[in-house]
Amino acid sequence: MSRREMKTSSRAPHRSIAARFLTVVGLLTVLVPGLPLAAPSEVRLEEKLASPSLETLWRDGFEPERIRDPGPVSRLLIETRTAVFGDRQLGPLLGTDALGRCLLSRLAWGARLSLAVGLVASAISLIIGVAWGAVAGYAGGRVDDIMMRAVDVLYALPLMFIVIFVVALLRGFRNEHPELEANQIIVLFAVIGATSWLTMARIVRGQVLSLRGTEFMDAARASGSTDLSILRRHVLPNVTPVVLVTLTLTIPRVMLFEAFLSFLGLGVEAPDVSWGVLARQGFDALTAVHVNAWLILFPGLAFATTLLAMNALGDRLRDALDPRLRGGRQ
Amino acid sequence: MTAGVVALLGLAGAPVGMLLFARKLTRHGWRVAPFLLRRTGWLLVTTLVVFTVSFLLMRAVPGGPFDDGRKLMPQVRQNLEARFGLDRPVGEQWLAALGGLPTFDFGPSMTLRDFTVREVIGQGLPASALLGLAALAWMLLIGVPIGVTAALKHGHPLDAALSAGASLGMAIPNFVLAGALMWPLVIATGWLPAAGLDGPRALLLPSFCLGAPFAAQVARLVRTGMLEVLGQDWIRTARAKGLSETRVITRHALRGALLPVVTFLGPALAGILTGSLVIEQVFAIPGVGTHFVQSAINRDYTLALGMIMLYTLMVYVLNAIADLLLAALDPRIELT
């Protein structure tokens, strides 16, 4: 697809259902504090394990102070919300958990953390991976050899296991010293991001290598551009499509990994909520006596729809950008 | 003593066996020897690096195996530390542990009383290996046929349905899948046992939940591969010389379409190992996975070290085997 076609064609990735769905999810996620939802940690023991129902659509009782240290933007949104809705909030439309907390509100707040984990970790891997791959591919020769050999060595390591090992070690330390509230989520972001840049580096390097012999690069060099400006003006724009595709496929992987860690008790910790935590709680609520199916169904659906959309968008982007599928036009 | 001899024989015998096997397998002849040698060399380097880094990491994080909340009398703690050699300098401890590495003899576990690291691994590994192999079988047995069917029905609603199913399989965490399947198959009907690993019936559900996400990826790879291959000239030739459609697909097309699957085998095996940590916990399977996480949390130095080395070795060796298989299927591939 040419750039022009990308803008107008109905097959353009940004016009797909997946892209629109993700835009809506993303917007809602940002706006969560401004929506008339119950506070995610509001406990109502008298309503515990209520199944989904539309009986109480609206009710009073929102307590803004129950939302734990909101940032400046969230505080503004909460203030707007109280100005518009007062202390009214949506009832537990998707049911409640074992402590009577509203699942709808917890899913909405959990989306913030889950998506943030996915985005921030992917962004870290993006920055390291693109820088590493671009420098290696552009420099070539010995530098390239050494840098890519380092990537090979890291590839051979069982990185997942080392990550789990490190997080578990730190968690053990935390359990014994609760007074040290090191933010586990930041550790999580950093560790996941720092280990998932290898594929990105390889792909970017391959792409840059194929750019090296092109005439416009020679022209840029002949006209006296510095290496840095060539990298910035010519190399980076040309690797952007591939990077975008890799990125859309990295985010779902990271989000699944967050769920995985949360299941093992190594991920996000209460009172914070993420989809992984909710899925784990839903799994725990599944007993022979009471099948509280909604508690695992809705987190599962949240994962399924969002990750499906991301994967679909990634595939769509790849189809649109992959030169092999462009019908012979280079 | 005997264990040591057996281990040494194994260490010496494994590469020779590998070499003979790989030579037959790959048509690369004796050229597989340098490949295996290089891989063994890298394996030693990797093992040493992972070993040292994990060893130092465990000691760098404050606290130790005997700090689990209860107050120990200083004398008791001293005795415990002396028993496990924790009172000696770190370098000396490192050397002692390194000596146990070739035979996996890391000594007794620090938190599971009366068990050595070798015993824990020996008891858990068969169950974990069985689970992993069964998951691998599911991955291929569901993934490949679905991929082929989807490709043959390209554009048909069946293709759309299968592809959608495959995408869904990649989009939910395996324990959510386990929960969703557990209700109809275990809780409501009692068809399958809920936990443990007694008999093949108990293996069905856990291995399916572990293998399904990878089966989904295999299906997608096979579908794309088949679509690409089916358009090639040599497939037309095969048809033109009068081969039956089944033979064209199974003998000619599938061979080409399976290449991406074999490439995916390495990451898939690593992924199955990772996923088994969760699945073992979900279905209460007495494998090594639970020990891996728990020993690191408890800072059970000896057991945690044994566990991370075990998984490092498995990931590494499985990756090497996957590379050999790839070379066996595609003679153009250079072994590096």
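The following legends describe close-up views of a predicted model.

View 1. Apart from neighbours within four places in sequence, the contacts of Trp58(A) are Arg88(A), Leu90(A) and Gly91(A). Leu93(A) is 35 residues away from Trp58(A) in sequence, while their C-alpha atoms are 9.7 Å apart in space.

**View 2. Contact between chain A and chain B.** Chain A contributes 36 residues to the contact and chain B contributes 38 residues. On the side of chain B that touches chain A, two or more residues come from each of α2 (32-60), α6 (157-169), α7 (174-188), α11 (259-282), α12 (289-298) and α13 (301-329) of chain B. The element that gives the most to this side is α7(B), with 7 residues. Divided by class, this side of chain B holds 27 nonpolar, 9 polar and 2 charged residues.

**View 3. The loop residue Phe104(B).** Phe104(B) is located in the loop that lies between α4 (90-100) and α5 (117-152) of chain B. Although Phe104(B) is a residue other than glycine, its phi is positive, near 60°. Phe104(B) is partly exposed, because it has 18 other C-beta atoms within 10 Å.

**View 4. The loop residue Arg299(B).** The loop between α12 and α13 of chain B contains Arg299(B). Arg299(B) is not a glycine, yet it has a positive phi of about 50°. Arg299(B) counts as buried, because it has 25 C-beta neighbours inside 10 Å.

Technical notes. Residues numbered from 1 in each chain as written. Chains lettered and ligands numbered in written order. Predicted model: local features only at pLDDT ≥ 70, side-chain atom pairs only at ≥ 80, totals over all residues. Contact = placed C-beta atoms within 7 Å. Helix = DSSP H or I, 4+ residues; strand = E, 2+ residues; numbered from the N terminus. Nonpolar A, V, L, I, M, F, W, Y, C, P; charged D, E, K, R; others polar. Buried ≥ 20, exposed ≤ 12 C-beta atoms within 10 Å, placed from the backbone.
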